[in-house]
Amino acid sequence: MFHARLSISRDDIVAPVSPRLFGSFVEHMGRSVYTGIYEPGHPTATADGFRQDVLDLVRELNPSLIRYPGGNFVSGFRWEDSVGPDRPTRLDVAWHSVETNEVGLHEFADWAESAGVEIMQAVNLGTRGIAEAAALLEYSNHPAGTALSGQRQANGRTEPFGIRVWCLGNEMDGPWQIGHKTAEEYGRLAAETARVMKWVDPTIELVVAGSSNAEMPTFGSWERTVLEHTAELVDHISLHAYYEEKPGDLGSFLASGVGLDRFIGDVAQIIDEVTVAQGLDKSIGISVDEWNVWYQTRFNEVDKEPLFTGDWNTQPRLIEDEYNVSDAVVVGSLLISLLRNSDRVSMANLAQLVNVIAPIRSEPSGPAWRQTTFFPFALTATAAHGDVLAATIHSDTYDTREHGTVDLSDAAVTATDEEIVLFLVNRSSSDPLTLEVDLAGAPADSVLSAQSLFAPEGGDRFATNTVDHQDTVHPVDLTDVTLADDGTAATVVLPALSWSIVRLAAKAAA
Ligand code: AHR
């Protein structure tokens, strides 16, 4: 049995919980849109062709904002193709696919409304530039009285879409990106695009593209150069982070949150240096607008070549990773890292939503179901409210190849006047961990609920939920939770290799 001690206090607040921390991502890629959220003819299809079964699961997952329509896809996208009655079929060279444009801005906005999510719209700064970005913004947000707003109205939308958050391109630092640029080239283009977009609609928030991952050779210098050009004009800078279990190194994988903490800290430092150097009195948030577990090495080394030299398809099966218990524990601990850093992270998007490295899977004409990673996201997005409290943890440790010595346990805590919620992880793959929680600074009345996700009976950490066995992995009630009579201490026994959530009723202030 391992041990850890956690202390929290209502006086030590990191930041208010931002609902935008629980965003997701729908890219026109693989089966994310077609046979994912949209499938006319499916037994559950709504009148406009969207899948009701998938929509129900999206509502249960509870994302707040959804990035759209890419991703790499956006860097070759002509937005005009996706509105109005004529929808040309085009090659999407980013994913070696055929895009029918059957679903476009209007259809997606209707779907987003029914899912109760805000849209985060990306513009193409790969093959296109200032004029097209400004035109899409005018089409979307200008009330009326111009050719573009009139075109939107003629296409069925009298009121503006009112899209607030806009991404200035996608992963422009990556040589795989259509229209890949140097930091200098992108910084200039992003600045001039930002300037014009804010002239079109001063109420928008702009996200400039940071690094595609922390291992990019340009990481750091990219952020600095891009911000030197854009800091005055943008509100957020993006960061993308994907993690995977490398052969024989479960320990580093389970500590992915340590890598994300460091990545966020490095970007925050560059933001501070540039804003101070420029004498700017503003805060630029970090938009972690793609994060997840993704078995990217397998994709790059095995799947990509045959796919990119094969037939052109409208809905190819692309990166439909099947997630196991360890993957779900890592997703839960990445959410803990995002909460912990919510004084700097302004929004975050689990990439992606359906089928493509996604918490929700669906089969054409068949069922939709929850992957293992669905549960930590849904439970966190639904329970995290109020303030994030600083969570000080003293834990037994272990050694990792990538991150040095790491705590076996990690935690984030949120609190409202009514509720204190503990998000907890035990990274030991062999033993349970007893967590003593010091609640003197945030006393509790009772345990409302406690749930944990860990390997199902038999202890198979590779267990997954599949089309044939959709419910093998799911959270179970955690019985080993005790609260002291005076409410100032609790003890939780966390199962080996687990992610858990404990909801406590807060003691009313005296
Ligand atoms: O989410 C899949 C891909 O990952 C996105 O298209 C791209 O932005 C990133 O490299």
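These legends describe close-up views of a predicted model.

View 1. For glutamate 171, the distance to a ligand oxygen atom is 2.7 Å. Glutamate 290 also places a polar side-chain atom 2.7 Å from an oxygen atom of the ligand. Taken alone, the ligand exposes 280 Å², and the protein buries 97% of that.

View 2. Where does glutamate 171 sit in the chain? Glutamate 171 is in the loop between S8 and H5. Its phi is positive, about 40°, although glutamate 171 is not a glycine. Is this residue buried or exposed? Glutamate 171 counts as buried, because its relative accessibility is 8% and the cut-off for buried is under 20%.

**View 3. Serine 212 and its contacts.** Serine 212 lies in the loop between strand S9 (205-208) and helix H6 (221-230). With a relative accessible area of 4%, serine 212 is buried. Its side chain makes a polar contact of 2.5 Å with the side chain of aspartate 173. Which residues does serine 212 touch, leaving aside neighbours within four places in sequence? They are Glu171, Asp173, Gly174, Trp176 and His240.

**View 4. A salt bridge between glutamate 363 and arginine 31.** Side chains of opposite charge can pair when their charged atoms come close. The structure holds 36 salt bridges. In one of them, the side chains of glutamate 363 and arginine 31 meet, at 3.9 Å from N to O. This pair links distant parts of the chain, 332 residues apart. Glutamate 363 is in the loop between strand S13 (360-362) and strand S14 (368-370). Arginine 31 is in the loop between strand S3 (23-25) and helix H1 (52-61). Both partners are buried: glutamate 363 has a relative accessible area of 18%, and arginine 31 has 1%.

**View 5. A salt bridge between two strands.** Aspartate 289 forms a salt bridge with arginine 67, with the closest N and O atoms 3.9 Å apart. Aspartate 289 lies in strand S11 (residues 285-293) and arginine 67 in strand S4 (residues 65-68), so the pair ties together parts 222 residues apart in sequence. Aspartate 289 counts as buried, at 1% relative accessibility. Arginine 67 is likewise buried, at 1%.

**View 6. A salt bridge between two loops.** Arginine 164 and aspartate 201 meet through their side chains in a salt bridge of 3.3 Å, N to O. Arginine 164 lies in the loop between helix H4 (147-154) and strand S8 (165-168). Aspartate 201 lies in the loop between helix H5 (183-200) and S9. The pair therefore ties together parts that are 37 residues apart in sequence. Arginine 164 is partly exposed, at 30% relative accessibility, whereas aspartate 201 is buried, at 8%.

View 7. Arg31 and Glu363 are the pair at 3.9 Å, N to O.

View 8. The bond from tyrosine 68 to proline 69 is cis, with omega near 0°. Proline 69 is found in the loop between S4 and S5. Another cis peptide bond joins glycine 70 and glycine 71, with omega about 15°. Glycine 71 lies in the loop between S4 and S5.

**View 9. Threonine 35, a residue with positive phi.** Threonine 35 has a phi near 75°, a positive value in a residue other than glycine. Its place is the loop between S3 and H1. At 7% relative accessibility, threonine 35 counts as buried.

View 10. Leucine 91 lies in strand S5 (residues 90-92). Why does leucine 91 count as exposed? Its relative accessibility is 56%, and exposed means over 50%.

Notes: Residues numbered from 1 in each chain as written. Predicted model: local features only at pLDDT ≥ 70, side-chain atom pairs only at ≥ 80, totals over all residues. Heavy atoms only, no water. Helix = DSSP H or I, 4+ residues; strand = E, 2+ residues; numbered from the N terminus. Buried < 20%, exposed > 50% of the residue type's maximum accessible area, 1.4 Å probe, protein only. Polar contact = N/O pair within 3.5 Å; in protein donor to acceptor, adjacent residues only side chain to side chain. Areas by Shrake-Rupley, 256 points an atom, 1.4 Å probe, with all protein chains shown as cover. Contact = heavy atoms within 4.5 Å. Salt bridge = Lys/Arg side-chain N within 4 Å of Asp/Glu carboxyl O.
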